[in-house]
Amino acid sequence: GANSPFKTGGWAAQIYAISLNLVNYVIILALLFLSFANILHINIDTYGIKKIMPSLVYGVILANFGLLITRLVADVADILMISLAQPGELALSMAKSIGLTSAGAGGLGIMALVPIGFLSGGTLVPIGIVMIIILFLIPFLLLFVLALLFAIRYYVIVLLAALSPLAFIALALPMTQSYFKQWWNMLLKWVFMAPISFFLLY
């Protein structure tokens with residue numbers, strides 16, 4: 001969209017371009033080094049290089065499609081989230097959970113839960129007021145924390161997508177595969193946080 005961080009000149013687009021260019025430059029330098037080594041008959045571990053080359057080629061291909069792959073994973077999570085929570089159903093579900101939509105006896109709803117109070121210094125203090133405050137405050141705090149996490153989630157996923165070329169090229173080399181695993185695990189955690197949250201709320 002117009003406000004997408006991946007639009008031309010956007011901060012995520014710039015990070016992605018730097019990551020992708022860095023990957024391509026490293027590959028070009030590696031190929032040039034191998035070419036000169038072959039021409040000058042420099043003694044190098046040709047077996048190890050030949051073993052790495054196929055995975056390096058796969059890594060370059062995946063690096064150039066890193067943004068698309070990340071978006072596909074995010075789209076799958078969004079589809080799951082939408083299927084779990086249709087518009088308006090979440091609020092209705094939470095309202096039912098605290099009894100706001102329960103008609104009760106005579107349409108009292110949650111007020112039917114309010115007991116007679118207790119005397120403190122000659123003043124009647126309804127326990128129900130405290131219960132109502134707690135029942136309203138807890139869902140509000142939970143929704144606030146969830147909304148905050150969703151806002152953070154968006155920027156984390158965008159940043160991970162922008163760094164995807166570096167992550168996928170790291171997959172090609174045995175000594176850097178652990179970095180790809182860290183990136184992939186973090187992506188899955190933040191992407192699927194949304195559908196898992198809606199699933200637990202229901």
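1. In this predicted model, the axes of helix α7 and helix α8 (residues 193-201) come within 4 Å of each other and cross at roughly 40 degrees. The two helices α7 and α8 are therefore oblique to each other. On the α7 side, the residues that meet α8 are Lys 189, Trp 190 and Val 191; their counterparts in α8 are Met 193, Ala 194 and Pro 195. Sorted by class, this contact of α7 with α8 comprises five nonpolar residues, one charged residue and no polar residues.

2. Helix α7, which spans residues 177-191, also packs against helix α3, which spans residues 66-84. For this pair the angle is about 30 degrees, and the axes lie 9 Å apart. Because angles under 35 degrees count as roughly parallel, α3 is described as roughly parallel to α7. The crossing in which α3 passes α7 is right-handed.

3. The contact between these helices is formed by Thr 70, Val 73, Ala 74 and Ala 77 from α3. By class, the contact of α3 with α7 holds eight nonpolar residues, one polar residue and no charged residues.

4. The side chain of Ser 164 reaches the backbone nitrogen of Leu 67 at a distance of 3.5 Å.

5. Which residues does Ser 164 touch, not counting residues up to four places away in sequence? They are Tyr 16, Gly 66, Leu 67, Thr 70 and Trp 183.

6. As to the overall arrangement, the protein has eight helices and two strands. Along the sequence, these elements follow the pattern α-α-α-α-β-β-α-α-α-α. Of the 202 residues in the protein, 29% are buried. Among contacts with a separation of 6 or more, 69% are between residues 24 or more positions apart.

Technical notes:
Residues are numbered from 1 along each chain as its sequence is written. This is a predicted model: local features need pLDDT of at least 70, side-chain atom pairs count only at pLDDT 80 or more; totals for chains, interfaces and linings use all residues. Side-chain values use heavy atoms; hydrogens and water are left out. Axes are lines fitted to C-alpha atoms, for helices over the stretch in contact, and angles run from 0 to 180 degrees between N-to-C directions. Angles under 35 degrees count as roughly parallel, over 145 as roughly antiparallel, 65 to 115 as roughly perpendicular and the rest as oblique. A crossing is left-handed if the near helix is turned anticlockwise from the far one by less than a right angle, and right-handed if clockwise. Contact means heavy atoms within 4.5 Å. Ala, Val, Leu, Ile, Met, Phe, Trp, Tyr, Cys and Pro count as nonpolar, Asp, Glu, Lys and Arg as charged, and the others, Gly among them, as polar. A polar contact is a pair of N or O atoms within 3.5 Å; within protein, one must be able to donate a hydrogen and the other to accept it, and residues adjacent in sequence count only if both atoms are side-chain atoms. Buried means under 20% relative accessible area, exposed over 50%, partly exposed in between (1.4 Å probe, protein chains only).
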